[in-house]
Amino acid sequence: MREHWEPYDSDARYWRELSAWGALLWEACEGEGDPAPRRLAARKCWERLEGRSAAGVEAGTFFPLPYLAAALDLSPLQTQLLALVLLAEADQGFARRCAGPEGGLTAGLALRLLGWGDLPGPGARAALAAGGPLARYCLEEGGASGHAGLSALLRPARRVADFALAAAWEEPGLPGLSLLWPEEPAPPRLAALADQMAAYLDRSPRERTGFLLWGQPGAGRRTLALALAQRREAPLLLADGRFLSGEDGPAFRRELVREALLQRCPVCLTGLEEAALAARTDREAAEFLTMLLYDTAAAGCSLLLSLEDWPPAGSPGDFRAVPVPLPLPGLEESRALWAGLLADHPLTAPQEPDRLAGTYRLTPGQMKHALGSAETLARWRGLPDIDGDCLDQGCRAQLHHGLEGKARKVASLFTWDDLILPERSKRLLRGACDQMRYRRQVYGTWGFGRKLPYGAGLSLLFSGPPGTGKTMAAQIAAGELGLELYKVDLSAVVSKYVGETEKNLSDIFREAARGQVVLFFDEADVLFSKRTEVKDAHDKYNNMEAAYLLQKMEEYSGVSVLATNFLQNFDEAFKRRLKFIIEFPFPDAHYRRLLWRAVFPAQTPLEGDIDWDFLAAQFELSGSGIKNVAVNAAFLAAGDGKPVGMGHLLTALGRELRKSGKVLSREDFGQYYMLAEEDDNGPF
């Protein structure tokens with residue numbers, strides 16, 4: 001029959017009886033006569049301590065030592081050893097008795113007080129083993145945890161002493177660790193995930209469980225961790241994993257696990273990518289993170305915040321690491337989030353939520369930061385409210401990538417008026433831009449997104465001779481969509497080494513997705529050609545590389561453009577995988593006249609007698625050639641101190657055409673031959 005114990009009514013009474021227990025141990029160890037009665041009295045005193053403290057816990061009284069023993073999973077012997085260590089700190093009389101030649105309570109003295117004699121066996125020594133919970137979490141580093149001998153001094157770790165003797169529940173000022181209490185309810189999507197995670201923990205209460213919360217910064221990983229802690233009716237222990245690397249890493253890990261066990265709350269681990277990088281292999285990194293999750297999950301569960309998913313390797317049999325992805329919001333959810341954020345800005349255009357959701361893929365946190373940046377910029381500009389340009393700049397400020405060195409940023413300086421193309425090609429390009437502008441409505445509201453095997457991105461092929469406006473069209477499209485344009489030279493990406501081209505392309509698309517930019521692949525002929533019979537390994541890998549690029553373009557949720565001078569070199573199977581193929585023909589006389597008139601800025605002074613029809617009909621130039629002539633003619637006119645005239649244009653034309661080796665005659669210049677500059681080697 002279980003003995004009935006009266007509970008202690010205060011923590012002070014518990015410590016007084018614990019001190020009495022320590023005195024009985026000293027009398028049994030050092031006193032004269034038969035020690036057996038004293039040891040029996042000490043044992044009964046310990047039983048009374050355990051019984052009355054357990055009754056006190058049931059009555060709602062907190063006792064630090066029993067709590068430490070349960071939280072840190074100490075054995076009965078380890079609990080008694082910790083009691084002696086704490087008595088040596090709290091009881092001056094006990095401390096004076098322990099002060100021998102070694103200067104305090106030693107492992108040998110503690111075991112002798114507990115009746116193990118001068119030569120304790122392996123079982124007693126195991127209680128002080130370096131890997132055990134007593135040495136690892138309760139004793140000061142450098143004591144028994146680093147010295148297996150009986151002469152090792154036993155001192156409590158500062159955190160344990162503060163907890164037991166000063167009732168310090170929270171660790172004050174420990175770098176890298178902090179306790180957070182949920183204050184606000186989580187958004188509906190995260191609240192539903194937190195409910196699912198809490199239900200999973202309820203179904204497996206005896207298992208250590210780790211959750212891998214992965215997604216981009218601002219996706220709500222920390223908010224989700226706090227929501228789970230709220231459902232567990234506990235705080236969240238936030239740990240900065242960067243403190244795990246370096247010489248102090250093992251000590252921080254010990255502090256982290258001990259705090260997790262003391263607080264009995266979910267643990268949230270951040271910044272672990274840097275700590276994992278210290279491992280020599282991916283497998284070692286996965287094992288390190290898995291074991292860290294396993295250790296910190298001893299209190300119930302742990303959560304790792306990561307940018308990417310990683311497969312746990314070598315985890316213990318009863319450990320469950322559950323991946324919880326936090327993807328970017330869908331188009332409809334993005335629109336709703338933007339509408340909520342912009343609700344307090346009545347002067348903002350009502351279509352902005354639709355436009356922003358269709359243009360930028362941001363996390364909820366990034367949206368808030370983008371709006372804050374836009375508000376600051378609007379105040380700087382003296383605007384009554386934020387406008388579309390401020391919002392675009394705020395959104396772009398949230399996007400970071402590593403495309404530098406892999407691609408070149410191209411400024412979007414042109415408008416639709418600058419692009420001289422046949423109307424059909426221009427309509428196709430506008431239609432392509434509309435597919436990005438209205439993709440929220442079509443893919444989201446109208447449900448087409450559920451029927452697409454790949455992302456809702458846009459892939460285009462621009463074909464035409466050099467200088468016909470392919471790069472300009474890419475710039476206009478990027479500017480129209482409010483996105484940055486990055487030009488990739490495929491000739492620098494393609495490698496002769498097997499697999500290297502695919503790696504380069506994978507890196508480019510990964511960074512482009514982070515920055516949400518328009519990718520413009522120039523000179524696509526380097527990679528694409530008509531598929532021929534595979535005669536050797538080189539032909540095989542050429543086809544594989546081209547197919548890989550098209551696969552990445554299909555998967556990319558943004559805009560990607562291929563440019564080629566030779567559409568006939570593209571295999572029909574490749575063409576079918578592209579959403580738009582837009583032709584950029586060499587301009588005829590009609591379009592050359594339009595180019596001549598459009599190439600000069602409105603501020604440029606022009607003579608009134610320029611014969612635009614003659615220039616367009618007589619000289620077959622591409623758009624880039626006409627631009628070169630116009631710029632050179634403007635410099636000639638500036639040097640003469642006159643407006644740009646026919647003579648300046650014809651002189652610049654002669655120089656431009658001679659660059660390509662063309663031999664010119666008077667007939668080429670017709671009735672205007674006297675205005676053109678002669679060459680040093682003869683006429684024209």
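# Close-up views of a predicted model

**View 1. Leu238 stands opposite Cys268 in strand 4.** In this predicted model, strand 3, made of residues 236-240, pairs with strand 4 in the parallel sense, and the pairing runs over 4 bridges. Strand 4 itself spans residues 267-270 and is covered on both faces, with Val267 and Leu269 buried on one side and Cys268 and Thr270 buried on the other.

**View 2. Helix 10 covers residues 188-203.** From its first C-alpha to its last, this helix of 16 residues reaches 23 Å, which is close to the 22 Å expected at 1.5 Å a residue. Its buried residues are Leu190, Ala191, Leu193, Ala194, Met197, Ala198 and Leu201. When helix 10 is seen down its axis, these buried residues fall within an arc of 160 degrees, so they line one face of the helix. On the other side of helix 10, the exposed residues are Pro188, Gln196, Asp202 and Arg203.

**View 3. The largest cavity in the model has a volume of about 70 Å³.** The structure holds 2 cavities of 30 Å³ or more, and the lining of the largest is formed by 13 residues. Those that lie nearest its centre are Thr359, Gln516, Tyr556, Ser557 and Gly558. Sorted by class, the lining of this cavity has 7 nonpolar residues, 4 polar residues and 2 charged residues.

**View 4. The second largest cavity has a volume of about 50 Å³.** The residues that line this cavity are Leu429, Ala432, Cys433, Leu458, Leu460, Phe462, Ala477, Leu481, Val559 and Val561. Two or more of the lining residues come from each of helix 19 (423-437), strand 8 (458-463), helix 21 (470-481) and strand 11 (559-564). By class, the lining of the second largest cavity has 10 nonpolar residues, with no polar and no charged residues.

**View 5. Asp73 has a positive phi of about 60 degrees, although it is not a glycine.** Most residues other than glycine have a negative phi. Asp73 is found in the loop that runs between helix 3 (64-71) and helix 4 (76-90). With a relative accessibility of 63%, Asp73 counts as exposed, the cut-off for that term being over 50%.

**View 6. Glu523, a residue other than glycine, also has a positive phi, here near 55 degrees.** The loop that holds Glu523 lies between strand 10 (518-522) and helix 24 (537-555). The relative accessible area of Glu523 is 38%, and the residue is therefore partly exposed.

**View 7. Arg576 has its place in the loop between helix 25 (572-575) and strand 12 (580-583).** The relative accessible area of Arg576 is 65%, so this residue is exposed. Arg576 and Ser75 are 501 residues apart in sequence, and in space they are 70 Å apart, taken from C-alpha to C-alpha.

Note on methods:
Residues numbered from 1 in each chain as written. Predicted model: local features only at pLDDT ≥ 70, side-chain atom pairs only at ≥ 80, totals over all residues. Heavy atoms only, no water. 1 Å grid on protein atoms, 1.4 Å probe; cavity = no way out; pocket = protein on both sides within 12 Å on 5 of 7 lines; lining within 4 Å. Points joined across faces, edges and corners; volume = space filled by probe spheres on them. Nonpolar A, V, L, I, M, F, W, Y, C, P; charged D, E, K, R; others polar. Expected span 1.5 Å × (residues − 1). Buried < 20%, exposed > 50% of the residue type's maximum accessible area, 1.4 Å probe, protein only. Arc of directions from axis to C-beta. Pairing = 2+ DSSP bridges.
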